Amino acid sequence: MTEIKSYKFDEFLRQDASRYRLFLIYGPDRGLVSERAGLIAKSTGVPLDDPFSVMKLDIGDIEGDAGRVVDEVNAIGLFGGSRLVWVRAGGNDKALTSALNTLSERPPESACLIIEAGELRKGTAMRKAAETSRQIAAIPCYADDARALNALIDQTLGEANLRITPQARQLLVSMIGGDRLATRNEIEKLALYGRGLEVINEDDITAVIGDASAISADDAVDAVLSGDVAALRHSMAKISQSKTPIFLILNGCIRQFHLLDRMRADMESKRQPASQVMQTHGKQIFFRRKPVFEKALSAWDGNATERALRMLSEAVLNTRRYPALEESIAMQTLLALTLRSNRRK
């Protein structure tokens, strides 16, 4: 079993990645999945701008044909040299699982396979195929915790020779997370804003990230959790008028459903009532939002929250693929989740 923990990824990239030819990168944080896949791709040494050396496939290109992936990995480059096959998958896929099993028995000598997947529950066939083979590097990507966020803040602001006050850091951490690319973009935007300054303070965070936009995002998330379609439409209209970045709302939903998922796991595994779980995990929830969250906790079970997180991850990915449709994609996803909350009530 070769599973690379998040805190060991940088060390793995420097020291051990070159020993592997097969990589499965998965998790609910699609931004982090994409970022780590890109870092792995660069580490292979294959020229990424050479169309004869790099084959990029979406899950639709495979159409259930495991042989397509195996053939691409074993193909000989037109001008020789190493090749890279890079597959963007949506989740657990039978054809890709079969391809992983086949290739792990006879790993390629001059090619690498990178598979980007969404969230894979423990025990799913694709994840099991990777975790039970010493030939495949399985790299899970979960939402950044406070430690990872602080490290990213230190790295980005340090490169810009900027310092940040403890109060500003606490505010910034509360407003980012959920998706690595979106988080990195926000911190880089803050670093650009801070050129010429020595210290970033709370006013700078509010000016760049937008404290008012965070409040609007909370309103939209609460509307989703409570199943209130009218409130969602009203909140999204305010967000559109204020030019608030759409990813803030999607990230807010991802964070809340991750928390909901953890709390539901305690309810189902430890047979704890919602009120007790709220006391244990609800300290980070603003007191005015707790009634909404407690009702959602009773309405959404573990399977439902898993599906919701998949929908939100796909929405984040699609907003990057089709930026002109960002608002429509987000609204369609949030509306679908709001209607599900309404039915579950």
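Student: How many bridges join strand β1 (residues 22-26) to β5, and in which sense do the two run?

Tutor: Five bridges join β1 and β5, and the two strands run parallel. Strands and helices are DSSP runs numbered from the N terminus (E, at least two residues, for strands; H or I, at least four, for helices). Two strands count as paired when DSSP finds at least two bridges between them.

Student: What kind of model is this?

Tutor: It is a predicted model, in which local features need pLDDT of at least 70 and side-chain atom pairs count only at pLDDT 80 or more, while totals for chains, interfaces and linings use all residues. Residues are numbered from 1 along each chain as its sequence is written, and side-chain values use heavy atoms, with hydrogens and water left out.

Student: Back to β1, then. Which residue of β5 is the bridge partner of Phe23?

Tutor: Phe23 is bridged to Ala137 in β5.

Student: Is β1 mostly covered or mostly open?

Tutor: It is mostly covered, with five of its five residues buried. Buried means under 20% relative accessible area (exposed is over 50%, partly exposed in between; 1.4 Å probe, protein chains only). Leu22, Leu24 and Tyr26 point one way from β1, whereas Phe23 and Ile25 point the other way, and all of them are buried.

Student: What is the strand order of the whole sheet?

Tutor: The sheet is open and has five strands, in the order β2-β3-β4-β1-β5, with parallel pairing.

Student: Which strands stand at the edges, and why does that matter for their neighbours?

Tutor: β2 (54-58) and β5 (136-140) are the edge strands. Each has a single partner strand, so one side of each is left without a neighbour in the sheet.

Student: How many bridges hold β2 to β3?

Tutor: There are five bridges between β2 and β3, and these strands run parallel. Within this pair, Leu57 stands opposite Val87 in β3.

Student: And what about β3 with β4: how many bridges?

Tutor: Six bridges pair β3 with β4, again in the parallel sense. In β4, Leu113 is the bridge partner of Val85.

Student: Why is β3 described as largely enclosed?

Tutor: Five of the six residues of β3 (residues 83-88) are buried, so the rest of the structure largely encloses this strand.

Student: Is Glu116 buried or exposed?

Tutor: Glu116 counts as buried because its relative accessibility is 4%. In sequence, Glu116 and Gly91 are 25 residues apart, and their C-alpha atoms are 8.5 Å apart in space.

Student: New topic: nonpolar cores. How many residues has the largest one?

Tutor: The largest nonpolar core has 38 residues, and Met236, Phe257, Trp300 and Leu334 have the most contacts inside it. Such a core is a set of buried Ala, Val, Leu, Ile, Met, Phe, Trp, Tyr and Cys residues joined through side-chain atoms within 4.5 Å.

Student: Which elements give two or more residues to this core?

Tutor: They are α10 (202-226), α11 (229-241), α12 (246-270), α13 (274-281), α14 (290-299), α15 (302-321) and α16 (326-344). The largest share of this core comes from α12, with 11 residues. Another core lies apart from it and has 26 residues, among them Val70, Ala89, Ala99 and Leu100.

Student: Which residues line the largest cavity?

Tutor: The lining consists of Met175, Ile176, Gly177, Ala182, Thr183, Glu186, Phe247, Leu248, Asn251 and Arg255. On a 1 Å grid over the protein atoms alone, a cavity is a set of points where a 1.4 Å probe fits but cannot get out; a pocket is an open set with protein on both sides within 12 Å along at least five of seven lines, and lining residues have an atom within 4 Å of a point.

Student: Which helices contribute to that cavity lining?

Tutor: α9 and α12 each supply at least two residues of the lining. α12 gives the most, with four residues.

Student: And the second largest pocket: which residues lie nearest its centre?

Tutor: Of its 21 lining residues, Ser6, Tyr7, Arg36, Ala148 and Arg180 lie nearest the centre. The elements that give two or more residues to this lining are α1 (9-15), α2 (30-43), α7 (146-159) and α9 (180-193). The largest share of the lining of this second largest pocket, five residues, comes from α7.
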